[in-house]
Amino acid sequence: MNGFYGRDNSLDQLRSHEIPIAVVTGDEGIGKTTLLAVCREAVRSENLVSEQITRLPHRTGGLQASILSQLASIVSSLASEKGVVAKLGEQFAARARIAIGTRRKEFALAVAKELLTVLKERLGSDTGQALGEFFADISVDNSESLLEALNNKIDGDALQAVIDIAGDVASLRQGSVLFLFFENAQNLSDDDLRQLADTSSMLPDNVVMRVEHQDSNEEHRRRIKLLRSGGVAQIPLTGLGEDIVKSWCLAEGVPASLHNRVYVSTRGYPLFVGDTIAQALTKRRIGNIAPQENFRLNTLDSLNDLDPDTAAAARQLSAFIDPPPHPQLIGEVLGEGMTGVRWDGIQARLQQSRIFTTQVGGVPWFHEARRRCIWESLSPQTKQDVADRAVDILLTLFRDTGNSELLVNLAFIGAESSKVQEDPRAGHLCRATLDEIALLSALLELAEPANEGPSPETPTAWGDSVFDYSRQAFMQEVDTTAALGNLSAAEIIFEAQNENVAVLIPRLSELAYFILLGRAGAELPRFPMMQIATVIFQHAASPRMTGFITCNYGIGKQSLSKAIGDGRKAYAAERTRSQKLIKPYTDAVFMQASVEQQPYYAFATFPDADQATRSAESLKLASGDYWGLHLDVDWILQLPAGKIRSRRFLNALERLRFRQREGLSFQQNVTRKADFLRHVRASLNRLERAALELEEPVSYVVIERDDHVMLVEISGRGDGVTSLNSSTHSEFIFSGPYRWAALKSMLNLQPGERTKRVTTQAMGATFDGPKKILERLGTRAKTYNRHQPAVQFRTTQEDLSDALATSVVDTFFDAQSLAAVLSQYGWVDLTPQRTLFMIYRTGEEGRRLEGSSSEAVYLTVPEPALDHDTIEVKVADCADATAFDTELFGVAFSEQLARIPEIADGSRDWRMFLSVGDAHYVISQLLGYEVGDVRFVP
């Protein structure tokens, strides 16, 4: 290829099919795309190759869609070869049969159908018997939705299906390798880039990929490092050496006296070298200026040397990053008088003058640096005229194709277009800071209709959440206050606030929304997506739930008890009067997940348990990527899940004699609380942690001021205690509608770390003791239990004895473990005890133990010799529970009483230490429940 020098070693690496994926890296103008083009020409005689070098898009899912597009063009080019159609039909059918898993099989069929459709369109209706039979076999209902998913979201099964079929396409020519070529990998989202890195280990031996990625800044280098970590081979390019530049000059006939000047003025960048050689050959002086400035002047000189028609066409086209489709190019961009013949001539002259030096999609086009140079050289009026025409064309193309790359182009020229500036919101977003783009993107993703109030369809979001989310999802450092001020002044965001909370409402025209998408796609890690909570619900959750009645969902950490309460209210409101609720609980499914590192929840109600069960099983498989948003399912809980023992730890604490050590500092007290909660949390199962809001470890940050202390409780960080230097944060005041976002920023919380609560108290104030902490946990348990069915116990002596014996032993061991964690903060004593327990029951058939229809008589004595608490139970029926006979207790437990030393030797009269109470109440408490949580049945 003309102008290819000094890259032989790099070319040899690219030609080797031993390297699955190689990425060519370097600065703009260093010759990356030229190297790929030379490699493509070098390998095509013996291998299958891309019909062209594909420019990778900004949108999420662009990688697998681009691979599929290349496969389609290759299959189309092979259509005329004998036996190709039948062989493809057979191979694709076989591929679908051996695909592992339902989703991979479905994607394999969908990809095969797409490629064979290309063949069918190329060959007409006569596709051959094998192809016709294959189409009959794969006419599945969801093939269109699968293809839509494959083109618009990242999916491991979809990518594997595309790669497998790429191997099938490669095998059409025995002994050949399929080379796929891509440029502009810097456009890919981070998720697509990680997928590209993973692809290195997935490719079959007969498929290789060659990719170009710009390397001009630290962000580029971070991304290239990510590719290398996945096994992608890097081929870095630098400027050509002086000897190579001199050889190039010699071959082109440049006078020897100018060889060094050419090298110095270009730094060996091939794009600059080619221009400067042309400059030397046309006798134009090579100035002693920076290479980029020399390149700019060369470009403008070449443009001005063109005839008026050709120069005008170049100026009109410079508004387009990629060439528009041919019909629009001829008629709309260049004017009605432009014919195909005239355009062919103009195109040839633009190539000859080096205005067009590369190709995009097989079409001769500007190098991006040259296109920008020409665009920036236009006068303000010319730039406005060109931009206005281009805006109309880009909007028409976007509405027809949905290609988001067109919006990137729209945002690039929007500031120069009078049509865009006529829309004040769109005009503002063309000039907005990147902080504003990040904040507005976050708001669009979080804002959802509140479904309450005077305007239920208006999407809103909490200001605190938007501030926090913008930093986690789009940019680590966002000046949210300044960004909100600017967007509010431009009437793009409406803010309603009081002293405690702020609500944000986006107000965007269609054009302003398009400008935002374009700027975000080009300047932020990814395109924003409106109402991501609804997107995830509609595409990940809803299709997996069978016959649900109501569903609440959203971004954020929702407590299990609140989700149940809100869900039950929604369920009750949905029922008609004839379907009023009878049972105190609802068949439901609770899902905890994360989307883009933000917590996500969904709570759905169902008409019966069977449908809830099927939905719960299906939702366990919902993890994946949906329209560029990654969902990780953490926990699926089917409800009702049963009551938990709300008095578990309170019962244990009552078994201890505890005296706290005096003189502990505030931080020591916080450390004690952290240790205590860590122990309690470690003792809980998953359901108990959720009900008590202890799903994640809890850590504390102590900020001491002169006369008070602020304690911040954080989940998701760990379970330690840290103290902040008060002088460093002396100006921070926890107040105002954005106080939570400000606090998170001050504490530098990372994704997954959340503030739970903040307390402020005077220095030296009394700190909550273990009992207060456990009482609060008990209150949370009671809130959860309110919507769960009662725990049932049979009233036979055997069943009650077994249940109570298990409970008191568990309580003793809970108390023992609490004693271990409390002993470092004071004196703790726990002595095993023996309890004798007689239950008197009356009522119909004397079985139910309800209300005051039964009473209990019990005696508890210490037994240091025991390893744990014990309980022995007797059940007696009597006519009147209020007239119990203590002699009956003595007779029933005479053997046990005789084993108690103090009673056996007469030093203690057991009758003086009897306790009497309502049996229902006493048994419920001993079992760890509140009275209303337990139901006794015959």
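Two rings of Phe, Tyr or Trp (for Trp, the six-membered ring) are taken as a pair if their centres lie within 6.5 Å, and the pair counts as stacked with planes under 30 degrees apart, as edge-to-face over 60 and as tilted for the rest. By this rule the structure has 21 aromatic pairs. The structure is a predicted model, in which local features need pLDDT of at least 70 and side-chain atom pairs count only at pLDDT 80 or more, while totals for chains, interfaces and linings use all residues. Residues are numbered from 1 along each chain as its sequence is written, and side-chain values use heavy atoms, with hydrogens and water left out.

A pair of aromatic rings is described by the distance of the centres and the angle of the planes. In these terms Phe-356 and Phe-366 form an edge-to-face pair, at 5.0 Å centre to centre and with 85° between the planes. Phe-356 lies in the loop between helix H17 (340–352) and strand E7 (358–360), and Phe-366 in the loop between strand E8 (363–365) and helix H18 (368–377), so the pair ties together parts that are ten residues apart in sequence. For accessibility, buried means under 20% relative accessible area and exposed over 50%, with partly exposed in between (1.4 Å probe, protein chains only). Phe-356 is buried at a relative accessible area of 3%, and Phe-366 is buried at 1%.

The rings of Phe-467 and Tyr-738 are stacked, because their centres are 4.3 Å apart and their planes stand at 10°. This pair links distant parts of the chain, with Phe-467 in helix H24 (residues 463–473) and Tyr-738 in the loop between strand E21 (721–724) and helix H33 (739–747), 271 residues apart. Both Phe-467 and Tyr-738 are buried.

Ring pairs also join Tyr-269, Phe-272 and Phe-295 into a cluster. Over the face of Tyr-269 lies Arg-267, at 5.1 Å from the ring centre, where a charge is said to sit over a ring if NZ of Lys or CZ of Arg is within 6 Å of the ring centre and within 35 degrees of the ring normal. Arg-267 has its place in the loop between helix H12 (259–266) and helix H13 (270–281), and with a relative accessible area of 41% Arg-267 is partly exposed. Although Arg-267 is not a glycine, its phi is positive, at about 55°.

Gln-531 is another residue other than glycine with a positive phi, near 50°, and Gln-531 is found in the loop between helix H26 (510–523) and helix H27 (532–541). A further backbone feature is the cis peptide bond from Leu-639 to Pro-640, with omega near 5°.

From the backbone we turn to charged side chains. A salt bridge is a side-chain nitrogen of Lys or Arg within 4 Å of a carboxyl oxygen of Asp or Glu, and the structure holds 44 salt bridges. In one of them, Arg-44 meets Glu-41, with the closest N and O atoms 3.3 Å apart; Arg-44 is partly exposed at 36% relative accessible area, and Glu-41 is partly exposed at 42%.

Asp-869 and Arg-655 form a salt bridge of 2.8 Å, N to O. That pair links distant parts of the chain, 214 residues apart, with Asp-869 in the loop between strand E26 (854–862) and strand E27 (870–877) and Arg-655 in the loop between helix H30 (648–654) and strand E18 (657–660). Asp-869 is buried, with a relative accessible area of 4%, and Arg-655 is buried as well, at 14%.

Glu-872 forms a salt bridge with Arg-899, whose closest N and O atoms are 3.2 Å apart. Here Glu-872 lies in strand E27 and Arg-899 in the loop between helix H37 (894–898) and helix H38 (901–904), 27 residues apart. Arg-899 is partly exposed, at 40% relative accessibility. Salt bridges that share partners join Arg-834, Glu-863, Glu-872, Glu-895 and Arg-899 into one network.

The last feature is a pocket. On a 1 Å grid over the protein atoms alone, a pocket is an open set of points with protein on both sides within 12 Å along at least five of seven lines, and lining residues have an atom within 4 Å of a point. The second largest pocket holds about 2,100 Å³ of space. Its lining has 50 residues, of which Trp-462, Ile-555, Gly-556, Gln-558 and Tyr-601 lie nearest its centre.

How values were computed:
On a 1 Å grid over the protein atoms alone, a cavity is a set of points where a 1.4 Å probe fits but cannot get out, and a pocket is an open set with protein on both sides within 12 Å along at least five of seven lines; lining residues have an atom within 4 Å of a point. Grid points are joined across faces, edges and corners, and a volume is the space filled by probe spheres set on the points. Helices (H or I, at least four residues) and strands (E, at least two) are DSSP runs, numbered from the N terminus.
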